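Subject: Structure handover

Hello,

The structure you asked about is below. My notes on what was found in it follow.

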Amino acid sequence: MKWDLFFQLLVNGLIVGMLYGVVAMCFVLIYKSTQVVNFAQGEFLVLGAWVCLALVTNMQLPFFLAFIFTLIFMVAFGIIVQTVILRPLIGEPIISVIMVTIGLSIFMQALMNWIFGNDAKRFPDVFGTTDVVNIAGLNVEVAYLLSLVLSIVIMGVFFWFFRFTRHGLAMRATAFDQQIAQSLGISVKQTFAMAWAISAMVSGVAGIVIGIVNSVSNSLAFVGIKVFPAVILGGLDSIVGAVVGGIIVGVLENLAEFVDGQYLQFGNLYTIAPFYVLIIILMIKPYGLFGTKDIERI
Amino acid sequence: MSYVPNPRPAGDFRTSYTDDNRLFKTHFETRAALVLLALIIVAAPFIGNYWLSQLIMIGIYAIAAIGLNILVGTTGQISLGHAAFFGFGAFASAWLANSFGVPILLAMPAAALLTTAVGMIFGVPAARIKGLYLAIATLASQFILTDFFSRAEWFSGGVYGALAERPNLFGFAFNDDLRYFYLVLFWLVVTAVAVTNLLRSRDGRAFVAVRDHYLSAEVMGVNLTKYRILSFGISSFFAGLAGALFGHYLEYVSVEGFTILLSIQFLAMIIIGGLGSVYGAILGAAFILLLPQVMESVTTMAAYIFPAMESGKSYVKQMSIGAAIILFLIFEPEGLIHRWQQIRASWKLFPFSR
């Protein structure tokens, strides 16, 4: 048993898990307020990363400005997707809504492949991110620490937004019951658009962070798929659950890699392990750890 | 579903349940179907190899799409893992033929039966969950099965893939496209007739009841668990059959062919064709297979004006599928078959339509 490696992977898992948690949170935000399962969440993330990278490398903008412009772009993008594609489908059966986001996802994949190319590209070194610091005997990359801090900040802002702002309250009300919210003077249309805008923006931030830590490529969209085990684990409509689920999936992945590397020698077990867990959870506890159980009446 | 007028000729009344349950509603329909089939059989030798291979692929995908349609269109369960079952059928057939020397024409249905078993195992979660949760569970089964294909060398040849020979019946080898086309056509007709038949039986009505309101269905005595798993099983059977035909047509089966993108394409076929309709699935399969080719020629033409388009050919193909899904869902959610019914109805009611 190599404890060093074990703890190293555990810490990596925690940090990656926090990022999964952030993306899962965006996913849950859309699901909770608009009842849409967004299969294109991963593509949102990649889009954010590519746009920011293009602004930094092609337009030679300073990173901070590029970051702000990317956020604005993602907000606009989220609103456009909601109004043009999702709004006509309100009230349609669930398969239509799922399929339209799947269609969006493969459309965006191809478009981004075309525009930005197939190769992975690195961000220019913005924060001295290749450095390594030593914390309690473990080597942690600065970029990882940065992403950890950012994840915590994003989660904090989410909490503040939903707990203490007017729009957050409106969004919670809409998530609770659309008709009642509407009768209280909340514009459900605006709230839907806002949910998509926020979700796209935060996914964009997550994409940039992951892009800085690894490098930007279209395969980052796989994070969007990893989100599913996380949200199912946490419960589809629980934001806290999304964070917890994300962390568990991140840690689990790295533990699977550890067990695999040390004992089983199975090869890429870690990419598939979360899906086995997902199936098991769905069999035992389909509404996840924190999800609300549907009670149906005839 | 909106109401589509489907008028019968005047004087054609149905007086019994058997009449109402007929496979073809009118004699004209029966004759039209037989004439169309005869036309395809006669015309096949003359259409050239390119179109023949296209028709074979359309036939194979149509079989899988009809299967998926039972699950998605009729029972209302969403499956994002159909390509994995399709792939399982392809590998299973090659495995049975290579390792046990089963004659290939027998190995195909046998592989379909094996796929049925696998589909039912993965359908077990469906007994408890539905809608979104089920979509995500089937997504997981897609990844788990493709992972299994690349791992299980005894079964699929691992990353190297498996060889699959063309079938052979008492010395009559299906070694050219024309012969293979007839084989595919045979299975397509069998599938279409079997599924249409299934849908008008008690089981078919039970599937529809589960889709429309599962609680009421349960109250009325439909065994939900049984029908949900059965629907997975039947759908996997046709996926496996189509997969086996696919494998032996290409003569080589590899893991890369059965990605999530193919699963999405199967779903696109039934959505574009029309959910719950057998003929819709065939139309949808044709649409999804021909669309990239049309886009290919469009981009080739566009490349004369904008040379930059040349590099984007493969991307434009994928984008066109994504765009087709989105546009159909927004503007024609009931699919091509609904369009066809409207056209037919307006012809029949001619002076009074519009």
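To start with one residue: is Arg211(B) buried, partly exposed or exposed? Arg211(B) is partly exposed, because its relative accessible area is 31% (buried means under 20% relative accessible area, exposed over 50%, and partly exposed in between, with a 1.4 Å probe and protein chains only).

Some background before the rest. This is a predicted model, in which local features need pLDDT of at least 70 and side-chain atom pairs count only at pLDDT 80 or more, while totals for chains, interfaces and linings use all residues. Residues are numbered from 1 along each chain as its sequence is written, chains are lettered from A and ligands numbered from 1 in the order in which they are written, and side-chain values use heavy atoms, with hydrogens and water left out.

Salt bridges

A salt bridge here is a side-chain nitrogen of Lys or Arg within 4 Å of a carboxyl oxygen of Asp or Glu. Side chains of opposite charge can pair when their charged atoms come close. Over all chains, the search finds five salt bridges. One of them joins Arg211(B) to Asp212(B), at 3.0 Å from N to O. Asp212(B) counts as exposed, at 52% relative accessibility.

Another pairs Lys317(B) with Glu296(B) at 2.9 Å, N to O. Lys317(B) is in helix H14 (residues 313–331) of chain B and Glu296(B) in helix H13 (residues 278–305) of chain B, so this pair ties together parts that are 21 residues apart in sequence. Helices are DSSP runs (H or I, at least four residues), numbered from the N terminus, and strands are runs of E, at least two. Both partners are partly exposed: Lys317(B) has a relative accessible area of 27%, and Glu296(B) is at 29%.

Glu332(B) and Arg339(B) also meet in a salt bridge, at 3.1 Å from N to O. Glu332(B) is buried at 11% relative accessibility, whereas Arg339(B) is partly exposed at 44%.

The interface of chain A and chain B

The two chains bury about 4,100 Å² between them, 81% of it on carbon and sulfur atoms (buried area is the accessible area, 1.4 Å probe, that two parts lose on being put together, summed over both). Met99(A), Ile106(A) and Trp114(A) supply 17% of the area that chain A buries against chain B, more than any other three residues. The contact (heavy atoms within 4.5 Å) takes 47 residues from chain A and 45 residues from chain B. Across this interface the rule finds zero salt bridges. Two residue pairs are in polar contact between the chains, both at pLDDT 80 or more. A polar contact is a pair of N or O atoms within 3.5 Å; within protein, one must be able to donate a hydrogen and the other to accept it, and residues adjacent in sequence count only if both atoms are side-chain atoms.

On the side of chain A that touches chain B, H4(A) gives the most, with 16 residues.

Lys226(A)

Lys226(A) lies in helix H9 (residues 222–234) of chain A. Lys226(A) counts as buried, at 4% relative accessibility. Its side chain makes a polar contact of 2.7 Å with that of Glu253(A). Leaving out residues up to four places away in sequence, Lys226(A) touches Tyr20(A), Val249(A), Glu253(A), Thr271(A) and Pro274(A).

Regards
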